[in-house]
Amino acid sequence: MAIKYHNLSLRFFSKPLMINKYKIPSLPLAQDVETKAVLKRLAPAHRRLAELKGVARTIPNEQILINTLTLQEAKDSSAIENIITTHDELFKAELFIESLTSPAAKEVQNYANALRRGFELVRRNKILTDNHILGIQEILEQNKAGYRRVPGTELKNQQTGETVYKPPQDYDTINRLMQNLSDFINDDSLSDIDPLVKIAIIHHQFESIHPFYDGNGRTGRIINILYLVTK
């Protein structure tokens, strides 16, 4: 699995994830992940983020930037899941939500609302808990299904139908792993690795757990953004 943020590209467990018997480890990881190659990528990545932060602080009303980037992120992230809409639809939806007719536009609007809600939560609380993640996914999917309780979830190759990964099937395991992930996200005493390395591990762990019936990819990408906000 490759996770790329600007000039930072990290690759963790790409082969084990494709094996049905992959066992999800508890965090923090036992092995050293800050290799020489990874550390070389961190400096330019931090520099890009610092530039973005500096530009953002020059804008008199940061809400203008937040609203615009939220819609762009919602559009692009949803497109990965083949939920396609246009900027025109999204900006109209911001003004006339009751006139939304496109199912894709509604889903992207839900994503934008979930991201905004998450942004408010982490700005106020300075942490991102498993309960916050549940609330964000509820807005995204417009239901209260929560963590998976019914077994049978498998990730398959869309071309061949082959099962390439089977995430945890029982609720107790999913709940335990998500609580462990929440601790890892918020308790920096558990690991002193660089936040941009940590975010890759968080993303891989969340997608490996695959805790929800639907919306795991989009929820995982929202978590990425919100973790950066907390840092």
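How many residues does α8 have, and what distance does it reach from its first C-alpha to its last? Helix α8 has 15 residues and reaches 21 Å, close to the 21 Å expected at 1.5 Å a residue, where the expected span is 1.5 Å times one less than the number of residues. The model is predicted, with local features needing pLDDT of at least 70 and side-chain atom pairs counting only at pLDDT 80 or more, while totals for chains, interfaces and linings use all residues. Residues are numbered from 1 along each chain as its sequence is written, and side-chain values use heavy atoms, leaving out hydrogens and water.

**View 1. Overall arrangement of the protein.** The secondary structure comprises eight helices and four strands (DSSP runs numbered from the N terminus: helices H or I of at least four residues, strands E of at least two). From the N terminus, the order of elements is β-β-α-α-α-α-α-β-β-α-α-α. Of the 231 residues, 44% count as buried (under 20% relative accessible area; exposed is over 50%, partly exposed in between; 1.4 Å probe, protein chains only).

**View 2. Burial of helix α8.** Eleven of the 15 residues of α8 are buried, and the helix is mostly covered. Among these buried residues are R218, R221, I222, I223, L226 and Y227.

**View 3. Packing of α6 against α7.** Helix α6 (residues 171-186) and helix α7 (residues 195-209) pack at an angle of about 170 degrees, with axes 10 Å apart. Axes are lines fitted to C-alpha atoms, for helices over the stretch in contact, and angles run from 0 to 180 degrees between N-to-C directions. The two helices are therefore roughly antiparallel (an angle over 145 degrees). In α6, the residues I174, L177, M178, N180, L181, F184 and I185 meet K198, I201, I202, Q205, F206 and I209 of α7 (contact: heavy atoms within 4.5 Å).

View 4. Leaving aside neighbours within four places in sequence, L181 is in contact with L27, I202, Q205, F206 and I209.

**View 5. Surroundings of E138.** Residue E138 lies in helix α5 and, at 31% relative accessibility, counts as partly exposed. Not counting residues up to four places away in sequence, E138 touches N143 and K144. E138 and N110 are 28 residues apart in sequence and 9.6 Å apart in space, C-alpha to C-alpha.

Definitions and conventions:
Parallel < 35°, antiparallel > 145°, perpendicular 65-115°, else oblique.
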